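Subject: Structure handover

Hi,

Here is the structure I promised to pass on. Please open it next to this email and follow along.

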Amino acid sequence: MKLIPYFLVALWLITSCISRPDYVLDEDAMVSLLTDVHRSEGLLELQQDNKVITNDETYKQAVMAAVLVKHNVTRAQYDSSLVWYGQNLSYLVKVYNKVQKNLIDDIDYWKNVGTERESEFGISVAGDSVELWSIDNYLTMDERRLGSFRFWEIPADSNFVKGDSLVWHLHFPYVPESHILVATLSCNYEDILEMNMSRTQVARQDTSISLSLRSDTTVMFKSIIASVALLKDSMTVDDDYAFIDSLSLIRIHR
């Protein structure tokens, strides 16, 4: 038993002397990349659980490719780095401790962002069919200004009822040929994760889309989550921008 501490010290000395090859991503880059990889995996799992997508490998590969493009990393660089860190566990543990902290910070952020932005939409109007989108109905997605992702949360007030239907309409007058826009509409039931519902649609170039979602008839949801992401489909493409207009979110009582 007395040999164990000496073994651990020896292991630490050995691993601390290992130098990282040039082809392997450094610790900060690996933490940032793996954080986004796990974010994308969480999104795919949520979409699959809610029947937004099936087990579509092409879509999964496209999402992963978009993550790698964002970090300017090739698939070969990612795979090689993952193998090296897997063979050097002390480095891998340090990386994943930071990745885990980032993901926990994400959860805390999204829990608070709804409270901070409740006044953005205000109280909805009573009625059978009501326009909920009370803010600007147009926007620019601009990667050059870190505007490639937009998120909104609309709290469910006393004018919402169980079983309400939601229709989110978006028109994309300009999307670069090398990019896609991914729009997602969700009902948030907070602690009842298995009941969360969402719809996702991918758009290219000039088009209009409508995401329709009917909430549960037995449990009242807490809020509506809407988001749009502008993604590249190639590493060789420069940052660009896209326009969205005619934004509209209709609530329909059942």
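**Salt bridges**

The count comes to seven salt bridges. Keep in mind that this is a predicted model.

Start with Glu-27 and Lys-94. They form a salt bridge, and their closest N and O atoms are 3.4 Å apart. This pair links distant parts of the chain: Glu-27 sits in helix 2 (residues 27-49) and Lys-94 in helix 5 (residues 89-116), 67 residues apart. Are the two partners buried or exposed? Glu-27 counts as buried, at 19% relative accessibility. The cut-off for buried is under 20%. Lys-94 is partly exposed, with a relative accessible area of 43%.

Next, look at Lys-70 and Asp-36. Their side chains meet in a salt bridge, 2.8 Å from N to O. This pair also links distant parts of the chain. Lys-70 is exposed, with a relative accessible area of 61%. Asp-36 is buried, at 9% relative accessibility.

Arg-75 is partly exposed, at 45% relative accessibility. Asp-79 is partly exposed as well, at 32%.

There is also a network. Salt bridges that share partners join Glu-27, Lys-94 and Lys-98.

**Helix 4**

Stay with helix 4 for a moment. It has 13 residues. From its first C-alpha to its last it reaches 18 Å, close to the 18 Å expected at 1.5 Å a residue.

Which residues of helix 4 are buried? They are Tyr-78, Ser-81, Trp-84 and Tyr-85. These residues cover an arc of only 135° around the axis, so they lie on the same side of helix 4. What does the face turned away from that buried side carry? That face of helix 4 has the exposed residues Ala-76 and Gln-87.

Four of them form an open sheet, in the order 3-8-5-6. The pairing is antiparallel. The edge strands are strand 3 (149-155) and strand 6 (197-203), and each pairs on one side only. The twist averages 10° from one strand to the next.

Strand 3 and strand 8 (residues 223-232) run antiparallel and are joined by seven bridges. To find this pairing in the viewer, go to Pro-155. Its bridge partner in strand 8 is Ser-223.

Helix 3 lies across strand 5 (179-188), strand 6 and strand 8. Its angle to strand 8 is about 70°.

Strand 9 (residues 241-252) is worth a separate look. Which strands does it pair with?

- Glu-131 stands opposite Ile-250 in strand 9.
- The bridge partner of Asp-142 in strand 9 is Tyr-241.
- Leu-166 has Arg-251 in strand 9 as its bridge partner.

**Asp-142**

One last residue. Asp-142 lies in strand 2. Is it buried or exposed? Asp-142 counts as buried, at 11% relative accessibility. How far is its C-alpha atom from that of Asp-239? The two C-alpha atoms are separated by 7.9 Å. Along the chain, Asp-142 and Asp-239 are 97 residues apart.

**Where to look first**

Begin at the salt bridge between Glu-27 and Lys-94. Then view helix 4 from the side that carries Tyr-78, Ser-81, Trp-84 and Tyr-85. Finish at strand 9, where Asp-142 has Tyr-241 as its bridge partner.

Best wishes

Definitions and conventions: Residues numbered from 1 in each chain as written. Predicted model: local features only at pLDDT ≥ 70, side-chain atom pairs only at ≥ 80, totals over all residues. Heavy atoms only, no water. Pairing = 2+ DSSP bridges. Helix = DSSP H or I, 4+ residues; strand = E, 2+ residues; numbered from the N terminus. Salt bridge = Lys/Arg side-chain N within 4 Å of Asp/Glu carboxyl O. Buried < 20%, exposed > 50% of the residue type's maximum accessible area, 1.4 Å probe, protein only. Axes fitted to C-alpha atoms, helices over the stretch in contact; angles between N-to-C directions. Contact = heavy atoms within 4.5 Å. Expected span 1.5 Å × (residues − 1). Arc of directions from axis to C-beta.
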